[in-house]
Amino acid sequence: SRKPLLQSAKMPFNFLKIFIQNLDPDKDQIWHCLIMTPIYLYIVTLFIFLSSLIIHKDFSFEILLNTPVGLLFIAAIYYILVFIPAYFLQLFLLKFNFLNFVSILVSAIFLSFLIPNILAILFITPWQILPIEIIFMVSFFSLIFALTYWVLLLKTLKKAAKQSNLKFPN
């Protein structure tokens, strides 16, 4: 049977609704997802990078040993410089019930501009902001982290809702 034209027109809107839907996690769920984000990215990136090296025949044991160290360095930067500001920014967005896909991406871009520039002002002798190329590079990593965080948050909320329905069925 054919779907009415109006019903099939609603399909893209229903799909896009997930991106503007406000999420309602608790502080522990936000903390857990922010902790797990680099771990998920680390595993996926390591697999993709090493697979790519094997496919292109550039594989060597030196690269095999250096790759995890480089990825751990990126994760350490995340935990030291980004984790706490991101956590408080997510709590701020949650307080105003504005925690959704768009706000998470905007907050990632905001932090990727703010944190490196604060570090540059503190540690570079003549006060200056960083070149736009560095900001774009950092923003690219921030958006990947933000997207992973959003997916983990959705997964955590869905899992919590399923467990709540099992405990208290309607």
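**Reading the packing of helices**

Tutor: Of the 27 residues in the largest nonpolar core, those that touch the most other members are Ile 30, Leu 34, Leu 99, Ile 104, Tyr 149 and Leu 153. Please keep in mind that this is a predicted model.

Student: Which elements give two or more residues to this core?

Tutor: They are H2, H3, helix H4 (101–123) and helix H5 (132–167). Leaving out residues up to four places away in sequence, Leu 153 touches Leu 23, Pro 25, Gln 29, Ile 30, Cys 33, Leu 99 and Ile 104.

Student: How are two packed helices described?

Tutor: The description consists of the angle between their axes and the distance between those axes. In this model, the axes of helix H2 (residues 27–55) and helix H3 (residues 61–95) come within 9 Å, and they cross at roughly 155°. Angles over 145 degrees count as roughly antiparallel, and H2 and H3 are therefore roughly antiparallel to each other. Their crossing is right-handed. By class, the contact of H2 with H3 holds 24 nonpolar, four polar and one charged residues.

Student: Which residues is Tyr 87 in contact with, leaving aside its neighbours within four places in sequence?

Tutor: Tyr 87, which lies in helix H3, is in contact with Lys 27, Ile 30, Trp 31 and Leu 34 once those neighbours are set aside. Tyr 87 and Cys 33 are 54 residues apart along the chain, and their C-alpha atoms are separated by 9.9 Å. Leu 46, in helix H2, gives a second case: its C-alpha atom is separated by 7.1 Å from that of Pro 68, 22 residues apart along the chain. Apart from neighbours within four places in sequence, Leu 46 is in contact with Thr 67, Pro 68 and Leu 71.

Student: Is Tyr 87 buried or exposed?

Tutor: A residue is buried when its relative accessible area is under 20%. Tyr 87 has 11% relative accessibility and so counts as buried. Thr 37, in helix H2, has a relative accessible area of 1% and is therefore buried. Not counting residues up to four places away in sequence, Thr 37 touches Tyr 78, Phe 145, Thr 148, Tyr 149 and Leu 152.

Student: At what angle do H3 and H4 pack?

Tutor: The angle is about 140°, and the axes are 10 Å apart; H3 and H4 are therefore oblique to each other. H3 passes H4 in a right-handed crossing. Among the residues that meet are Leu 81, Val 82 and Pro 85 in H3, and Ser 103, Ile 104 and Phe 110 in H4. The residues of this contact divide into eleven nonpolar, three polar and no charged.

Student: What is phi of Asn 97?

Tutor: As a general idea, most residues other than glycine have a negative phi. Phi of Asn 97 is near 50°, a positive value in a residue other than glycine. Asn 97 is placed in the loop between H3 and H4. With a relative accessible area of 45%, Asn 97 is partly exposed.

How values were computed: Residues are numbered from 1 along each chain as its sequence is written. This is a predicted model: local features need pLDDT of at least 70, side-chain atom pairs count only at pLDDT 80 or more; totals for chains, interfaces and linings use all residues. Side-chain values use heavy atoms; hydrogens and water are left out. Axes are lines fitted to C-alpha atoms, for helices over the stretch in contact, and angles run from 0 to 180 degrees between N-to-C directions. Helices (H or I, at least four residues) and strands (E, at least two) are DSSP runs, numbered from the N terminus. Angles under 35 degrees count as roughly parallel, over 145 as roughly antiparallel, 65 to 115 as roughly perpendicular and the rest as oblique. A crossing is left-handed if the near helix is turned anticlockwise from the far one by less than a right angle, and right-handed if clockwise. Ala, Val, Leu, Ile, Met, Phe, Trp, Tyr, Cys and Pro count as nonpolar, Asp, Glu, Lys and Arg as charged, and the others, Gly among them, as polar. Buried means under 20% relative accessible area, exposed over 50%, partly exposed in between (1.4 Å probe, protein chains only). Contact means heavy atoms within 4.5 Å. A nonpolar core is a set of buried Ala, Val, Leu, Ile, Met, Phe, Trp, Tyr and Cys residues joined through side-chain atoms within 4.5 Å.
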